[in-house]
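The following exercises concern a single protein chain and are to be worked with the sequence and coordinates at hand. Each task is followed by a solution in steps.

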Amino acid sequence: MRNNHSSVSEFILLGLPIRPEEQGLYCALFLAMYLTTVLGNLLIILLIRLDSRLHTPMYFFLSHLAFTDISFSSVIGPKLLMNILTQSQSIPYAGCISQVYFFLLLGDLDSFLLTSMAYDRYVAICHPLHYTTIMSQRLCFLLVIVSWVLSSAVALLHTLLLARLSFCGDNTLPHFFCDLSALLKLSSSNTTVNQVAILIVGMVVISVTIICILASYGRIGATILRAPSMKGICKALSTCGSHLSVVSLYYGPIIGIYFVPSSDDTNDKDVMVAVLYTLLTPMLNPFIYSLRNRDMKEALRKLFIRRNFSL
């Protein structure tokens with residue numbers, strides 16, 4: 001079926017704009033970042049599962065975010081490392097299309113989960129007496145299921161629109177992964193429908209999630225200001241600080257790349273910024289939630305104490 005639409009059997013990923021003599025150093029760095037991402041987020045999932053005090057809606061969403069971060073990095077990291085180690089920069093057509101799908105799926109899932117977490121913080125601070133009633137187990141599961149369904153639908157839409165395009169000429173991608181916008185520039189077909197879909201769906205997903213997050217924190221700020229106290233401010237900062245840090249790390253690079261106008265060609269700056277949200281942000285999330293969160297630090301301390309006693 002694919003041969004009717006494309007004569008390209010593989011794409012060539014040019015990778016990162018680094019000198020050959022620096023590839024070994026960067027390979028070690030990216031390997032360390034990937035392993036830290038996987039182990040750090042697995043530790044978060046383990047702590048939440050083992051400590052009954054963390055069986056709350058906030059940590060329920062956090063465990064799903066940790067799983068998403070592991071998967072998101074795994075879509076990009078192993079292939080990047082393999083290309084650097086083997087000096088083979090090719091990726092099969094089917095592998096490239098699959099990478100696009102899972103990249104979009106997990107990226108959008110991150111957005112929806114962060115939005116659900118913002119709503120959870122809003123309810124916890126603005127409606128503390130009704131928190132357990134509003135944030136029921138049923139609602140938490142529903143929010144996660146809806147996040148998966150919407151993310152899958154968006155990813156499937158873009159992937160199907162991409163798969164119908166022809167790639168008959170240049171197969172060189174100036175990127176270290178199969179970026180959707182870079183692929184559209186290579187296509188010999190008319191990509192107007194794809195561009196419109198990216199603009200409309202992307203604006204809706206990013207705008208709606210950012211507006212919901214800002215609205216949640218706007219209400220939180222208004223609630224605190226109505227009865228200002230140092231205790232209330234400290235509680236809000238300890239409760240929301242970690243989430244706000246992760247939101248900033250996640251949306252900052254994405255807005256910088258996809259919403260700030262740039263040249264027609266994918267430049268080195270865009271490629272390096274892409275490293276931030278594909279490798280760096282998922283790695284930093286466990287540190288942000290463990291170092292800034294008292295409950296997580298206590299759960300980690302109990303885990304180490306239990307381990308020492310067992311030895």
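**Exercise 1. Cysteines and the disulfide**

Classify Cys 27 and Cys 212 by burial, then locate any disulfide in this predicted model and describe its geometry and placement.

Solution. 
- Step 1. Cys 27 has a relative accessibility of 9% and therefore counts as buried, the cut-off being under 20%.
- Step 2. For Cys 212 the relative accessible area is 34%, so this residue is partly exposed.
- Step 3. One disulfide is found when the whole structure is searched. Its partners are Cys 96 and Cys 178, with an S to S distance of 2.0 Å.
- Step 4. The link of Cys 96 and Cys 178 is left-handed, with -125 degrees about the S-S bond.
- Step 5. Cys 96 belongs to helix H3, while Cys 178 sits in the loop between strand S3 (172-173) and helix H6 (180-186); the pair therefore ties together parts that are 82 residues apart in sequence.
- Step 6. Both ends are shielded: Cys 96 is buried at 0% relative accessible area, and Cys 178 is buried at 1%.

**Exercise 2. Overall architecture**

Describe the secondary structure, burial and surface of the protein chain.

Solution. 
- Step 1. The protein chain contains 10 helices and three strands, and their order along the sequence is β-α-α-β-α-α-α-β-α-α-α-α-α.
- Step 2. Of the 311 residues, 46% are buried.
- Step 3. The accessible surface amounts to about 15,900 Å², and carbon and sulfur atoms account for 67% of that area.
- Step 4. Considering contacts between residues at least 6 apart in sequence, 80% join residues at least 24 apart.

**Exercise 3. Charged side chains**

Solution. 
- Step 1. Side chains of opposite charge can pair when their charged atoms come close.
- Step 2. Glu 21 and Arg 19 meet through their side chains at 3.1 Å, N to O. Glu 21 is exposed at 60% relative accessibility, whereas Arg 19 is partly exposed at 49%. A network of salt bridges links Arg 19, Glu 21 and Glu 22.
- Step 3. Arg 53 pairs with Asp 51, the closest N and O atoms being 3.6 Å apart. Here Arg 53 is partly exposed at 43%, but Asp 51 is buried at 5%.
- Step 4. Asp 120 and Arg 121 form a salt bridge with closest N and O atoms 2.6 Å apart, and both residues are buried.
- Step 5. Among the residues touched by Asp 69 are Asn 41, Asp 110 and Asn 285.

**Exercise 4. A backbone angle and a surface patch**

Where is Gln 87 found, and which residues form a nonpolar patch on the surface?

Solution. 
- Step 1. Gln 87 occupies the loop between helix H2 (57-86) and strand S2 (90-92). Gln 87 is exposed, its relative accessible area being 52%.
- Step 2. Most residues other than glycine have a negative phi. Gln 87 has a positive value, near 60 degrees.
- Step 3. The nonpolar patch is formed by Val 196, Leu 199, Ile 200, Met 203, Val 204 and Val 208, which together have about 520 Å² of accessible area.
- Step 4. Val 208 lies in helix H7 (residues 192-226) and is partly exposed, with 44% relative accessible area.

How values were computed: Residues numbered from 1 in each chain as written. Predicted model: local features only at pLDDT ≥ 70, side-chain atom pairs only at ≥ 80, totals over all residues. Heavy atoms only, no water. Patch = residues over 30% accessible without salt bridge, like charges linked within 9 Å, V, L, I, M, F, W, Y side chains within 5 Å. Areas by Shrake-Rupley, 256 points an atom, 1.4 Å probe, with all protein chains shown as cover. Salt bridge = Lys/Arg side-chain N within 4 Å of Asp/Glu carboxyl O. Helix = DSSP H or I, 4+ residues; strand = E, 2+ residues; numbered from the N terminus. Buried < 20%, exposed > 50% of the residue type's maximum accessible area, 1.4 Å probe, protein only. Disulfide = S-S within 2.5 Å. Contact = heavy atoms within 4.5 Å. Lists of a residue's contacts leave out its neighbours within four places in sequence.
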